[in-house]
Amino acid sequence: MEDIMPFLPITVEEMRQYGWEQPDFVIVTGDAYVDHPSFGTAIISRVLHQAGYKVCIVPQPQNDKDYNRFGRPKYAFLVNGGNIDSMVAHYTAAKKRRSDDAYTAGGKSGSRPDRAVTVYTKKLKSLYPDVPVCIGGLEASLRRFAHYDYWDDRVRPSVLIDSGADLLMYGMGEKHIVEIADRLAAGEDISSLTDILGTCYSVNAAEYTPISGVQECGAYELVSVPDEKGKRLYAKACKIQQAEHDAVRGRTVIQRHGQKIVVQNPPMPPLTTEEMDAVYGLPFMRDYHPSYEKFGGVPGIKEVKFSLIHNRGCFGACNFCSIAFHQGRQVSVRSRESVIKEAKQLTEMPDFKGYIHDVGGPTANFRRPSCDGQLKKGLCPDKKCLAPSVCPAVKVTHEDYLKLLRELRALPKIKKVFIRSGIRFDYLIADQHEEFFKELVKHHISGQLKVAPEHSSNRVLKRMGKPPIEVYNRFEKRFYELTESVGKKQYLVPYLMSSHPGSTKKDAIELAVFLKKHGLHPEQVQDFYPTPGTVSTCMFYTGLDPDTMEPVYVPRTEREKAEQRALLQYFKPENKALVLSALKKEGRLNLIGTGPNCLVAPDKRQGYSAPKKPKKTIRNIHKPKKK
Ligand code: SF4
């Protein structure tokens, strides 16, 4: 029966095709249903189905009829907001509503509510008060403690409290969900599931007995007060939460919310290579559900359809990125055999044209944990592996990645294998052997390689948790040398971010000068976007670096953000007025003019002209002073 309908059911008719009368679990999600391992819903549904459970999916419910589509599941509803936070999906960094949505059929925005996890859970709890609701995915994971919400411009409570869910799974949820399912199926009540790693639950404060070593963050009522004291407490809470997100040494973390306490159990260990292989070997359809065809499909599939994910986790841990607080800093990988097997499947797909678009993950060139010591002791809580410089304990090697890429290139029907995920260039140039760098340049770039120096001011880079710009300069120099040696024309496209905490207008000018010197004309620049749960968002809200508690300058006004952004594209005529304004305010008149080192020409229309040296006329040289 099951091979008739290879996608998991999203309608009652499809459920009946499976021969099911009632689902064990219903997944309610903020995205359209795409059965591809880049989508969280696809992974969780496949893992549960593989474990023997009947799983149905309600993508983007619009009304009660949708929520009631499958009736009451036997064990629980599982809710996620989609592949990305619903507020990030809906709004730009300038808080403007987006019109497009890569995770919705037809690509149009408007099929999921703001803060989808909370809206879906509340609705399910009103319709089925006695059915457990477990929440997970990026939105739930990054909002698991009291968190600054940029769009509300205030600290919101943990999404567990806000939504009224029974259990929250954080991080990548394969192991959590199977344990939850097995224990519910064995007759345990959801309220007794308080010992599962990688989950958060809430208890009445009066009933909670703290266990030894528990780490307590400031209560929601205190960290949400927008004064100096509240912000200091918020920054300290952020430090605790980030430091304890370690599967080896992470401890239980609690946070009071009124009469309730949110309890976070230590993280679930990352999947082993065998477990990763098993997950990625599940029978994904690698496409959107056929019912979306009439809307033109789901655009999000295009980026990933012919891409391969080979790793998880990131020890780069940039402060503005949410990966470290979701997937963790410990890198885990699939075996080469598993990736090759998936690649062969891709080559058999009817629309495969011979190109693998990516062999990556959060960072493409990580194929092992940063050091061996972390497997016993955990990752260092007060130190980054790559910034400000590469830790001496880091094992720098591209050997296995290189083997994987060579094996992929050698497969029949494959013309090219590209790498589109970010390459960590500091790790790359720390490698004593250059084979990977050489083969990257020769085989794996489709004209342009995207890299992320993010800024050129070392003051800003320090706040971002990135290496100093000199490291990028070394990488850039060698990249072009190697490119020339193979007779290719290909370029670096640097990702840059304006207005990150710590970035003053002086820093933005320094970046503009850097761009000019390096002949870079960035087409796109990204304003810093304070998304939930990152260290940089904590800096944005509190004006403090939670690692050091040092005050951090934060560009906040629209005008300053516009000026910083304009400086990154100083060459665009429409940015001229903003660039001139910023340069004048900072007294950098030497950068206004038509000389080779100037950023903009003077604006004659406004009657402004660049400062001129006083003319040495007979009159002003020889005019005798009046006595
Ligand atoms: S010892 Fe170095 S490489 Fe290992 S976790 Fe600590 S900072 Fe990272």
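How are helix 18 and helix 20 oriented to each other? I began my entries with this point.

**Entry 1: the model.** I noted that this is a predicted model, in which local features need pLDDT of at least 70, side-chain atom pairs count only at pLDDT 80 or more, and totals for chains, interfaces and linings use all residues. I number residues from 1 along each chain as its sequence is written.

**Entry 2: helix 18 and helix 20.** I looked up helix 18 (residues 435-443) and helix 20 (residues 469-485), which pack at about 60° with their axes 9 Å apart. Helices here are DSSP runs of H or I with at least four residues, and strands are runs of E with at least two, numbered from the N terminus. Axes are lines fitted to C-alpha atoms, for helices over the stretch in contact, and angles run from 0 to 180 degrees between N-to-C directions. Helix 18 and helix 20 are therefore oblique to each other. For this wording, angles under 35 degrees count as roughly parallel, over 145 as roughly antiparallel, 65 to 115 as roughly perpendicular and the rest as oblique. I recorded the crossing of helix 18 and helix 20 as right-handed. A crossing is right-handed if the near helix is turned clockwise from the far one by less than a right angle, and left-handed if anticlockwise.

I then listed the residues that meet: Phe437, Lys438 and Val441 from helix 18, and Arg478, Phe479, Leu482 and Thr483 from helix 20. By class, this contact of helix 18 with helix 20 has four nonpolar, one polar and two charged residues. Ala, Val, Leu, Ile, Met, Phe, Trp, Tyr, Cys and Pro count as nonpolar, Asp, Glu, Lys and Arg as charged, and the others, Gly among them, as polar. Two residues are in contact if their C-beta atoms, placed from the backbone, lie within 7 Å.

**Entry 3: helix 16 and its partners.** I found that the axes of helix 16 (residues 399-409) and helix 18 come within 10 Å and cross at roughly 30°. Helix 16 and helix 18 are therefore roughly parallel to each other, and their crossing is left-handed. Tyr401, Leu402, Leu405 and Arg409 of helix 16 make the contact with Glu435, Phe436, Glu439 and His443 of helix 18.

I also checked helix 14 (residues 336-347), which packs against helix 16 at about 25° with the axes 10 Å apart. Helix 14 is therefore roughly parallel to helix 16. The crossing of helix 14 and helix 16 is right-handed. Five nonpolar, no polar and three charged residues form the contact of helix 14 with helix 16.

**Entry 4: domains.** I noted domain 1 (12-204 + 259-264), domain 2 (306-445) and domain 3 (447-627) in the protein chain; the bounds come from an automatic or database domain assignment. In domain 2, 23 residues are in contact with 29 residues of domain 3. Helix 17 (425-429) and helix 18 each supply at least two residues of the side of domain 2 that touches domain 3. That side divides into 15 nonpolar, four polar and four charged residues.

Entry 5: I listed residues surrounding the ligand, among them Cys371, Cys380, Lys383, Cys385 and Cys391. A residue counts as near a molecule or strand if its C-beta atom, placed from the backbone, lies within 6 Å of it. The shell around the ligand has seven nonpolar, three polar and one charged residues. Finally, I recorded that the peptide bond from Ala387 to Pro388 is cis, with omega near 5°. Pro388 is placed in the loop between helix 15 (374-377) and helix 16.
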